[in-house]
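I opened the model to record its strand pairing, its helix packing, the ligand shell and some backbone particulars. The entries follow in the order in which I looked things up.

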Amino acid sequence: MIRIAQIGYGYWGPNLLRNFMSLGNAKVEILVDSQIERLNQAVGLFPSLKTSIIADDAFNNTDVDAVVIATPVFTHYELAKRALLAGKHVLLEKPMTATVDQAKELIDIALQKGKLLMVDHTFLYTGAVEKMKELKDQGALGELKYFDSTRINLGLIQQDVNVLWDLAPHDISVLDYLTNEQPVSVNATGVSHIHNGIENVAYLTVNYQNNFIAHFNCSWSSPVKIRMMLLGGSEKMVVFNDMEPTEKIKVYDTAHNVSTLEEKQKVMIDYRVGDVYVPKIELAEPLRKLALDFIHCIENNTEPRASAIGGLSTIRILEAAQQSIKQSGKEVKIEI
Ligand SMILES: NC(=O)c1ccc[n+]([C@@H]2O[C@H](COP(=O)([O-])OP(=O)(O)OC[C@H]3O[C@@H](n4cnc5c(N)ncnc54)[C@H](O)[C@@H]3O)[C@@H](O)[C@H]2O)c1
């Protein structure tokens, strides 16, 4: 039985608490939130839950093996560091930290302490992404050519991070998981219509060495809600439409083959538009699968799918994107 302390019970925290409360091999020892009203709401649902407004009550608690952190981004580094130094395993919300240096330091501390550090990249546990990974690993898509994502709606405007830091971690973590490729550089542009310098509309391009390219369109200011990822290969292309209730993934047997007619030095393009099929995917709650992975990895000393290294890769892209936005879209190299 892994004993959990959770810090943060705002918008996302209730989903984590509900899932950890329902696992047979985990027990939530204590819930911490600096707002007493939030704790009262949780106790209304789970009357026997112990609560505190002080994070130290989680860190100093010898009955706690692991800390789940669901607070705003600017608090992640400090809270996770304190938890790791207190000898606890940590599940940290996305985006992992506010800077690359912070993420690296947390990974080092986790290694030194022999503790698990995992990031809540929930999308890696969706049936849709699992199927995309399966198709890619089987070679069914051919050589990967591009990844294109759109995540726009009339969204909740955050006060501490821009729209890329808020929304793109989902898609960037999926890109990182599916491709395993190291990006070379980014170009990003964005604007703030809120007059606080926090971009509410942003476009990010991630460049790779091998002609693969990825693009992200993120907005809190769209009248329509679109949640779509496209993964294009030389053989097949996959569309993941998260707004579809059941048929979330469609695989298109579509591609174009390019050949050169030597005598005329002309490029010939042959279009292939074949069948579209809808694979069956698992519709179980991704956050529950992530919570189970967290507990399993603590018990078995194994690496989770949503690893801290994947969390760091995401922060590398976001940090470079931020620099590019400040330089009006100039290419910014990604240092590994
Ligand atoms: N994985 C996902 O799909 C997903 C979805 C939404 C949000 N998130 C992430 O979850 C995190 C929290 O987002 P949110 O929208 O729930 O924020 P929120 O502001 O709604 O809630 C944060 C809660 O943390 C509490 N808090 C803040 N600092 C604290 C501290 N030092 N000690 C104790 N309590 C503290 C606040 O009182 C608040 O109740 C963010 O990192 C966000 O990116 C993830």
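**Entry 1: the antiparallel strands**

I began with S11 and strand S12 (residues 237-241), which run antiparallel and are joined by five bridges. I take two strands as paired if DSSP finds at least two bridges between them. Strands (E, at least two residues) and helices (H or I, at least four) are DSSP runs, numbered from the N terminus. I noted that the model is a predicted one, in which local features need pLDDT of at least 70 and side-chain atom pairs count only at pLDDT 80 or more, while totals for chains, interfaces and linings use all residues. Residue numbers start from 1 along each chain as its sequence is written.

I found that S11 and S12 form a hairpin with three residues between them. Within this pair, Leu230 has Val239 of S12 as its bridge partner. I then turned to strand S7 (residues 144-152), which is joined to S11 (residues 226-233) by eight bridges in the antiparallel sense. Here Thr150 has Met228 of S11 as its bridge partner.

**Entry 2: the parallel sheet**

In what order do the six strands of the open sheet stand? I read the order as S3-S2-S1-S4-S5-S6, with parallel pairing. S3 and strand S6 (117-120) are at the edges with a single partner strand each, so one side of each has no neighbour in the sheet. The twist from one strand to the next averages 25°; angles run from 0 to 180 degrees between N-to-C directions, and axes are lines fitted to C-alpha atoms, for helices over the stretch in contact.

I followed the pairs one by one. Strand S1 (residues 2-7) pairs with strand S2 (residues 26-32) in the parallel sense over six bridges, and Ile7 stands opposite Val32 in S2. S2 is joined to strand S3 (residues 50-52) by three bridges, again in parallel. In S3, Lys50 is the bridge partner of Ile30, and Thr51 is that of Leu31.

I also checked the handedness of the connections. S1, helix H1 (residues 13-22) and S2 make a right-handed β-α-β unit. From S2 the chain crosses through helix H2 (residues 36-45) to S3, in a β-α-β crossover that is right-handed. The term applies if, with the strands pointing away from the viewer, the path from the first strand over the helix to the second runs clockwise.

**Entry 3: H4 against H5**

I examined helix H4 (residues 73-85) and helix H5 (residues 100-113), whose axes are 9 Å apart and which pack at an angle of about 10°. The two helices are therefore roughly parallel to each other; angles under 35 degrees count as such, over 145 as roughly antiparallel, 65 to 115 as roughly perpendicular and the rest as oblique. H4 contributes Tyr77, Ala80, Lys81, Leu84 and Leu85 to the contact, and H5 contributes Gln102, Leu106, Ile109, Ala110 and Lys113. Residues are in contact if their C-beta atoms, placed from the backbone, lie within 7 Å. I sorted the contact residues into seven nonpolar, one polar and two charged. Ala, Val, Leu, Ile, Met, Phe, Trp, Tyr, Cys and Pro count as nonpolar, Asp, Glu, Lys and Arg as charged, and the others, Gly among them, as polar.

**Entry 4: the ligand shell**

Which of the 22 residues around the ligand come nearest? I listed Gly8, Gly10, Tyr11, Trp12 and Glu93. A residue is near a molecule or strand if its C-beta atom, placed from the backbone, lies within 6 Å of it. The shell divides into nine nonpolar, eight polar and five charged residues.

**Entry 5: backbone particulars**

I recorded a cis peptide bond between Lys94 and Pro95, with omega about -20°. Pro95 is in the loop between strand S5 (89-93) and H5. Asn301 is not a glycine, yet has a positive phi of about 55°. Asn301 lies in the loop between helix H8 (286-300) and helix H9 (308-326).

Key: Contact = placed C-beta atoms within 7 Å.
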